[in-house]
Amino acid sequence: MKPFQLLFTPLNVGNLVLKNRITLAPMFLCYGNSDGTVSEKTIEFYERRAKAGVSLLVVEASAVDPGGIGLTRMIRVDSDNYIKGLSLLAKAIKDAGGYAVLQLYHGGRYSQQPIAPSPVETYLAPEKKIIPRAMSIDDITELITKFGEAAERAKVAGFDGVELHGASGYLLTQFISPRTNKRTDKYGGSFENRIRFPLELVASIREHAGKEFLLGYRFLSDEWLPDGFTLNEGKMLAARLEEAGVNYLSCNAGTYESRSIPEIIKRTSKKGYQVDITYEIKKEVKIPVFVNGRINTPELAEKIIRKGKADAVALARPLFADPEFVQKIFDDRTDQIIECTNDMLCGRQIVQGIDAVCSQWKKR
Ligand SMILES: Cc1cc2nc3c(=O)[nH]c(=O)nc-3n(C[C@H](O)[C@H](O)[C@H](O)COP(=O)(O)O)c2cc1C
């Protein structure tokens, strides 16, 4: 058996057949134009990785509503004006041999116009405390339609699918977490009520883009905070999303707030730190499950697939560090792979509004 044979076995995801098990996890890099349109640099980034063999590429968080934009130069999908640029991006990815998926995003309390299920303040840093405006039922209803319309635009632009951003602490997470959702109406309180918003988004996307269009979900397996969304709830939500027609889950535990705790920083610095927790979610569903987090060697990726811990790997920084990661495995040149070192230079740059570069590129 060849060393990385399992990585190159096809995988059915919705109606698509992925040629291998290596997908690009969404990664906002501050490459877009300041008006929210797709830039040439954005296209080059995705095209290059698709050409080098990545099977499915999830394009970074893209705003479904101008008020929901988090960082400057995010891609926007909130009006038909953006379809032209998005079409060029989808075509470039597909012509290069990959499947193109657009991630649909609203930052909630981390937006430029912060809104959230409840006015619970953010506490990323004392100087950055924000108390978001609590969403009215009308706000919720309007956003449910906007997510659906954004999915429809992605479809018109030629994308193969969309991925709902349900992780990292953004709006969907704020609804499912009892820490940030203190509502007493049908969108808050019980588990059933807290998951209502994401389930209604799924239904809206299905209504606008049809049953055949690929719909993935960026999934919070566990918030990793004592009073937060738990793994047990994650297991139940996974099954409910599958039942609602989601085609895959891309599991990503932790939020900005938990990921700033020293113990969690230590945990997330380990290679493959989400393999076991992702497997807990995988056991609950039949749809494909992608595992994220520091899978920066082909050996680890192959082992995950061999052990049946996940159906595919979702790599962000490893594919940023080395665009030819997949090609080098295919060509038996793994000794030439430029490894992500987890220094998070890229992460620090984007929050400052600087085009991300990788510290390892100098090794080329
Ligand atoms: C610079 C940067 C930008 C990111 N942007 C997104 C994003 O737009 N959407 C998302 O769901 N996750 C985003 N992530 C999280 C990654 O997709 C990924 O889950 C995380 O980096 C861990 O995986 P890795 O070790 O393969 O990089 C981002 C991460 C980084 C470092």
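This is a predicted model: local features need pLDDT of at least 70, side-chain atom pairs count only at pLDDT 80 or more; totals for chains, interfaces and linings use all residues.
Which residues in α3 meet which residues in α6?

The protein chain has 13 helices and 13 strands. Along its principal axes, the C-alpha atoms fill a box of roughly 55 × 40 × 40 Å.

Now the helices. Two packed helices are described by the angle between their axes and the distance between the axes.

The opening pair is α3, residues 137-156, with α6. Their axes come within 8 Å and cross at roughly 40°. An angle of that size makes α3 oblique to α6. The crossing is right-handed. As for the opening question, the α3 side consists of I140, I144, T145, F147, G148, E149, A151, E152 and K155. On the α6 side they meet F197, E200, L201, S204, I205, E207, H208 and A209. By class, this contact between α3 and α6 has 8 nonpolar, 4 polar and 5 charged residues.

Next, α6 also packs with α7. Helix α6 covers residues 196-209 and helix α7 covers residues 231-244. The axes of α6 and α7 come within 10 Å, and the crossing angle is roughly 20°. Angles under 35 degrees count as roughly parallel, so α6 is roughly parallel to α7. This crossing, too, is right-handed. From α6, the residues in the contact are L199, V202 and A203; from α7, they are R240, L241 and A244. Of these, 5 are nonpolar, none is polar and 1 is charged.

The last pair is α7 with α9, a helix of residues 275-282. Here the axes come within 9 Å and cross at roughly 45°. The two helices are therefore oblique to each other. L231, G234, K235 and A238 are the α7 residues in this contact, and I277, E280 and I281 are their partners in α9. The contact of α7 with α9 divides into 4 nonpolar, 1 polar and 2 charged residues.

Which residues come nearest to it? There are 23 residues around the ligand, and A25, P26, A61, A316 and R317 come nearest. The one that gives the most is α13, with 3 residues. Sorted by class, the shell around the ligand has 12 nonpolar, 7 polar and 4 charged residues.

To recap the helices: α6 is oblique to α3 and roughly parallel to α7, while α7 is oblique to α9. Around the ligand, α13 is the element that gives the most to the shell.

Conventions
Residues are numbered from 1 along each chain as its sequence is written. A residue is near a molecule or strand if its C-beta atom, placed from the backbone, lies within 6 Å of it. Helices (H or I, at least four residues) and strands (E, at least two) are DSSP runs, numbered from the N terminus. Ala, Val, Leu, Ile, Met, Phe, Trp, Tyr, Cys and Pro count as nonpolar, Asp, Glu, Lys and Arg as charged, and the others, Gly among them, as polar. Axes are lines fitted to C-alpha atoms, for helices over the stretch in contact, and angles run from 0 to 180 degrees between N-to-C directions. Angles under 35 degrees count as roughly parallel, over 145 as roughly antiparallel, 65 to 115 as roughly perpendicular and the rest as oblique. A crossing is left-handed if the near helix is turned anticlockwise from the far one by less than a right angle, and right-handed if clockwise. Two residues are in contact if their C-beta atoms, placed from the backbone, lie within 7 Å.
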